[in-house]
Amino acid sequence: MTTKLPVKTFKLRPYKKVGLILSIIINLVLAFFFFRLGMGLEKVAGRFLCFIIVLASLAVTAFFVVGYIYLRKENFIGFFISSEGFNDISTGHRYGIVEWEDVVKIRIIDDLDHPGKKYISLKIKNPQEYIAREQIMHKRRSLELKLHYYGSPICFSNRGLDCSFEELEETIRLYYNNYLERKEERENRDSKIDC
């Protein structure tokens, strides 16, 4: 009898964490600089423009801080995989857990934008359902484009993860094959009960 595999995780690459921290610092410095600059200006139009830039910098800083807090809460893990499915946080898409029962085929495809780079593309039964899960409009459009160009909205690579492409591919195939074996055993067991 095939047993379920334990949950496996891949952390984000260290540069993702460092990039977020640097972005927070740079935006805070910009906000401080334009605040000081605006205070020294006599014309109202210049002060107003500096005030807008300060607000924009603080808004972007808040966005990065929220992202950092979220990733820290997740212990900077970018990819969870289990016997039921997986969740890829590293791409920034929020389609949630992709269940193995929805996966039809695993393909390795070349990235159209970056020659020499590859994607793992999972052909799924219900691509529109996963696209609809994404709440942000431009990210939903990105999933629609992936469906158009790659045949699936579920495409990911190791670029944001602290692992090799081969290790990620091997893990995906291992867990998917484990799901298929357990499914086949269940079906065989059910057919024996029906007889």
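Helices here are DSSP runs of H or I, at least four residues long, numbered from the N terminus. In this predicted model, helix H5 covers residues 165-194, and Arg 173 and Glu 169 lie four residues apart in it, so about one helical turn separates them. These two residues form a salt bridge.

**Largest pocket**

- The volume of the largest pocket is about 590 Å³.
- Its lining consists of 19 residues, and those closest to the pocket centre are Phe 63, Gly 67, Gly 92, Arg 94 and Lys 139.
- Helix H1 (14-40) and helix H2 (44-73) each contribute at least two lining residues.
- The most comes from H2, which supplies six residues of the lining.
- Sorted by class, the lining holds nine nonpolar, six polar and four charged residues.

**Second largest pocket**

- The second largest pocket has a volume of about 200 Å³.
- Residues lining this pocket include Asp 111, Leu 112, Asp 113 and His 114, as well as Tyr 119 and Arg 159.
- By class, the lining of the second largest pocket comprises five nonpolar, two polar and four charged residues.

**Salt bridges**

- The model has five salt bridges, counted where a side-chain nitrogen of Lys or Arg is within 4 Å of a carboxyl oxygen of Asp or Glu.
- Arg 173 pairs with Glu 169 in a salt bridge whose closest N and O atoms are 3.1 Å apart.
- Arg 173 has a relative accessibility of 31% and therefore counts as partly exposed, the class between under 20% for buried and over 50% for exposed.
- Arg 141 forms a salt bridge with Glu 144, with 3.5 Å between the closest N and O atoms.
- Arg 141 and Glu 144 are three residues apart in helix H4, so the separation is about one helical turn.

Technical notes: Residues numbered from 1 in each chain as written. Predicted model: local features only at pLDDT ≥ 70, side-chain atom pairs only at ≥ 80, totals over all residues. Heavy atoms only, no water. 1 Å grid on protein atoms, 1.4 Å probe; cavity = no way out; pocket = protein on both sides within 12 Å on 5 of 7 lines; lining within 4 Å. Points joined across faces, edges and corners; volume = space filled by probe spheres on them. Nonpolar A, V, L, I, M, F, W, Y, C, P; charged D, E, K, R; others polar. Buried < 20%, exposed > 50% of the residue type's maximum accessible area, 1.4 Å probe, protein only.
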